[in-house]
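Visitor: Please take one part of this model and examine it closely, with the criteria behind each term stated.

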Amino acid sequence: MGPNYAGGCSILDTKLSVHPPPVGQFAAPAADRKSAAQQDSCSHVRVSHYSASPFLLHRFWRRRSPRSSRPPPPSPSSPADAVVPGQYIVVVRPDVTPELVAADHAVTRKFTYHAVLNGFAGVVPPGQLAGLKADPRVQQVVPDHIVQLIAPVASEVGPTAKPGTGGGGGGGSGQVTPVGIQRIGAAPGSFIYTGAGVGVAIVDTGIDLNHADLAVQPACFTAYSACQDDHGHGTHVAGTVAARNNAIDVVGVAPEAALYAVKVLDTSGSGSDASVIAGLDWVRTTVNTPAIRVANMSLGRPASATAADDQPMHDAIKALTAAGVTIVVAAGNDASKEVQAMVPARFPEVLAIASTTAANGSSGACGSVAKDTASYFTTDGAFNTTTNVGVTVSAPGEDQENVKGCILQSVGILSTKLGGGTTRMSGTSMAAPHATGVVALLQQKTPGITAETVRSQLRSGADRVNTAPLNSPTSSDSFDGEQEGVLWAAGALNN
Ligand SMILES: [Ca+2]
Ligand SMILES: [Ca+2]
């Protein structure tokens, strides 16, 4: 049998997480709580988001302190090495049929991999584990680690978020070009590229298939029962990449790119290595028109204490990259960490994107936060040209940070909302899709461009290299010794 692309409750136990945004946005965290409390019959796993409490504000420190003395980050990370109980990812030899191995050890497969890996995932009966590991056809057996969306940080609701579907909103003003799109120089008409003919996989909670400002391809993958977004995170990410250039809502970086929904996270924003690898396997296997050339992964988890446990995910990433798909990953929303501590952001094949502010924020008693400042929540990490690990470039993950008294409030990125209209979210989850959109433009200009060439062009074409990101004034500032600049679409395209 082929991979389980759309069958019912196939993924029961995996948790992936999306990188959440910072303080201020009320809708998303409320939805998170709702979904956590209403887990469907298919989801037996605990939910652990990176998101901050919606009403938790971030204190504003005047002095930067060394990373080692920083206070804990504003939002809790999922516990290290959280796994789906009893579930394993099994990699078998290339010449072996994974279905036969699973049957021989009484494993009910939740996913079967034929493209990015040869293997399967499922619950291994307790008495079978030793025999499975000893089977000469088996190369690797690892626990299935929980993955989550990089949860959005709560963000202040700005004046242009619109509750309805389409239409003018705010006095019939029509389509809004979000501040982040403007900041990277990708407003409509800035260049001849639109992403036309380029497929983009949104590896996330799904996409709202009925949103009037999103044109989603009919082909899709789900690890659950449907490709339709039931959380909101994936819909927001999709809009930043490719909301249509029309008279309603917002416009994305690459408004004519083809969006593919790859739903690997459940209604609570959680999945696991097994579900994520299944989504990547679908991207690699399925022949789509237009072909998928870039994948956005605004999700992750801490690197495992056992390095071998991260190998199947890494192998899947390597295989998909080698097949010509550039993979863009949110760095994470934990300023106490660097990307080398995160999976999949730590893998050298991916483009890890950190978050900056797109505009100047308002001033309070403790000062103000200028545009192009490292977001107070962003995970960072200087790019190491030897290991190829680190942040490729920063991009807007929030409109701005306002200071009220000595409290920071994040005003989120405006993008498409599950159910129609627009909403705001903040986080590296919102920064990554700005870069994904630019990759779609590059793929249109130079079909087949490799991930490493893309990385090189994003870095050399960035704006304010050696100046931005500016240091955050908070104690959790993310200065990592490299100011790699802010994503700049025209710079990347003109290299
Ligand atoms: Ca639009
Ligand atoms: Ca940096």
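Guide: The chain has a mean pLDDT of 84, and 80% of its residues reach 70 or more; pLDDT is the predictor's confidence in each residue, from 0 to 100. Over residues 1-77 the pLDDT is below 50, yet this stretch has 277 contacts in the model beyond near neighbours in sequence, a contact being two residues whose C-beta atoms, placed from the backbone, lie within 7 Å. Residues 164-172 also have a pLDDT below 50, with 18 contacts beyond near neighbours in sequence. This is a predicted model, in which local features need pLDDT of at least 70, side-chain atom pairs count only at pLDDT 80 or more, and totals for chains, interfaces and linings use all residues. Residues are numbered from 1 along each chain as its sequence is written, while chains are lettered from A and ligands numbered from 1 in the order in which they are written.

Strands (E, at least two residues) and helices (H or I, at least four) are DSSP runs numbered from the N terminus, and two strands pair if DSSP finds at least two bridges between them. Strand 8 runs parallel to strand 9 (residues 258-263), to which two bridges join it. Within this pairing, Phe221 stands opposite Val262 in strand 9.

Val262 counts as buried because it has 29 C-beta neighbours inside 10 Å; the criterion for buried is 20 or more other C-beta atoms within 10 Å of the residue's own, for exposed 12 or fewer, and for partly exposed in between. Leaving aside neighbours within four places in sequence, Val262 is in contact with Ala201, Ile202, Val203, Cys220, Phe221, Gly279, Trp282 and Val283. Val262 also lies 6.0 Å from Gly206, C-alpha to C-alpha, although the two are 56 residues apart in sequence.
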